[in-house]
Amino acid sequence: LAIEKNRLVSSMTKRDREMKSIKQIGSMLAASTFEMDEVLRNTMDMIQTLMNVEAGSLLLLEDDELRFKVAFNSRMPVNILETLRIRLGQGIAGYCAACGESLVVNNTTESKHFSQYFDEQTRFKTRNALCVPLISHGKVLGVLEVLNKETGEFNDNDMQLLQSIATSVSIALENSKLYHETLSMAEQERGIRKMFQKFVPKEVV
């Protein structure tokens with residue numbers, strides 16, 4: 001009975017920590033209009049600690065390819081990832097982006113979705129993976145992927161946790177895009193107004 005009680009308390013404590021982290025990440029992303037890159041890096045750092053994983057990345061979809069936006073890896077420099085591109089449908093991340101569905105692979109050697117491409121390019125060894133899509137208004141923006149859970153296998157709780165974070169990231173990315181589009185439109189409008197004022201008498205303007 002005591003063992004079961006301790007297990008329950010430990011589980012509740014872990015869940016409480018996860019919920020607090022999700023709330024903290026959500027608040028951080030909600031205020032991230034200006035320094036999006038820095039906030040995304042901080043978010044990935046929190047994911048690494050929270051989920052106890054060896055590596056992770058946020059990839060954005062551009063022209064039917066995924067490119068690495070932010071990444072962490074405890075065993076290799078992440079700047080090597082800047083040149084890599086992943087096609088839609090290629091590997092776990094490519095499948096997740098193409099289908100818009102989360103995917104858990106706890107044994108890459110037995111998965112039809114796993115591709116050796118990433119490991120061959122980086123000399124990294126992927127044992128297991130969890131990947132969730134970043135979706136806004138029904139459109140896939142990219143994916144969040146974590147690799148090599150340090151203790152045990154990825155489970156449904158891990159998936160739900162990463163999906164919750166992905167939701168906040170998707171909203172922040174869309175808000176940032178809209179913000180910068182609005183700034184661009186305002187700048188264009190100012191340019192047109194200045195040009196208009198050059199050719200129109202002041203009393204008309």
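Which residues lie nearest the centre of the largest cavity? They are Ile86, Ile92, Ser115, Phe118 and Glu145, out of 16 residues in the lining.

Quick ground rules. This is a predicted model, where local features need pLDDT of at least 70 and side-chain atom pairs count only at pLDDT 80 or more, while totals for chains, interfaces and linings use all residues. Residues are numbered from 1 along each chain as its sequence is written, and side-chain values use heavy atoms, with hydrogens and water left out.

Now the overall layout. The protein chain has 5 helices and 6 strands. Both are DSSP runs numbered from the N terminus: helices are H or I with at least four residues, strands are E with at least two. From the N terminus, the order is α-α-β-β-β-α-β-α-β-β-α. Of the 205 residues, 40% count as buried. Buried means under 20% relative accessible area, exposed means over 50%, and partly exposed is in between, with a 1.4 Å probe and protein chains only. Take the contacts with a separation of 6 or more: residues 24 or more positions apart account for 58% of them. A contact is heavy atoms within 4.5 Å.

Back to the cavities. Rolling a probe the size of a water molecule over the atoms shows where empty space is left. The grid is 1 Å, over the protein atoms alone; a cavity is a set of points where a 1.4 Å probe fits but cannot get out. A pocket is an open set with protein on both sides within 12 Å along at least five of seven lines, and lining residues have an atom within 4 Å of a point. Points are joined across faces, edges and corners, and a volume is the space filled by probe spheres set on them.

There are 2 cavities of 30 Å³ or more. Helix H3 (91-99), H4 and S6 each give two or more residues to its lining. By class, that lining has 9 nonpolar, 5 polar and 2 charged residues. Ala, Val, Leu, Ile, Met, Phe, Trp, Tyr, Cys and Pro count as nonpolar, Asp, Glu, Lys and Arg as charged, and the others, Gly among them, as polar.

The second largest cavity is about 70 Å³. Its lining includes Ala55, Phe72, Met76, Phe118, Glu145 and Leu147. S2 gives the largest share, 4 residues.

Next, H3 itself. Gly91, Ile92, Ala93, Gly94, Cys96 and Ala97 are buried there. Their cover includes S2, strand S3 (85-87), strand S4 (103-105), S5 and S6. Just after H3, Gly100 takes a positive phi of about 70 degrees.

What about Thr122, buried or exposed? Thr122 counts as buried because its relative accessibility is 9%. Thr122 is in helix H4 (residues 117-122). A polar atom of its side chain lies 2.8 Å from the backbone oxygen of Phe118. Beyond residues up to four places away in sequence, Thr122 touches Met76, Ile80, Leu81 and Leu84.

Over to strand S6, where Leu147 sits. Leu147 has a relative accessible area of 8%, so it is buried. Setting aside neighbours within four places in sequence, its contacts include Val53, Ala55, Phe118, Phe124 and Phe154. Leu147 and Asn106 are 41 residues apart in sequence and 9.7 Å apart in space, C-alpha to C-alpha.

Now the packing. A nonpolar core is a set of buried Ala, Val, Leu, Ile, Met, Phe, Trp, Tyr and Cys residues joined through side-chain atoms within 4.5 Å. The largest has 26 residues, and Met51, Leu134 and Leu144 touch the most other members. Suppliers of at least two residues each include helix H2 (36-51), strand S1 (53-62) and helix H5 (156-199). H5 gives the most, 8 residues. Apart from this core lies another, of 22 residues, among them Leu59, Ile86, Leu103 and Phe124.

Last stop: the second largest pocket, at about 210 Å³. Its lining divides into 5 nonpolar, 1 polar and 4 charged residues. Asp37, Arg41, Lys69 and Glu82 are among the lining residues. S2 supplies the largest share of this lining, 4 residues.

Methods
A polar contact is a pair of N or O atoms within 3.5 Å; within protein, one must be able to donate a hydrogen and the other to accept it, and residues adjacent in sequence count only if both atoms are side-chain atoms.
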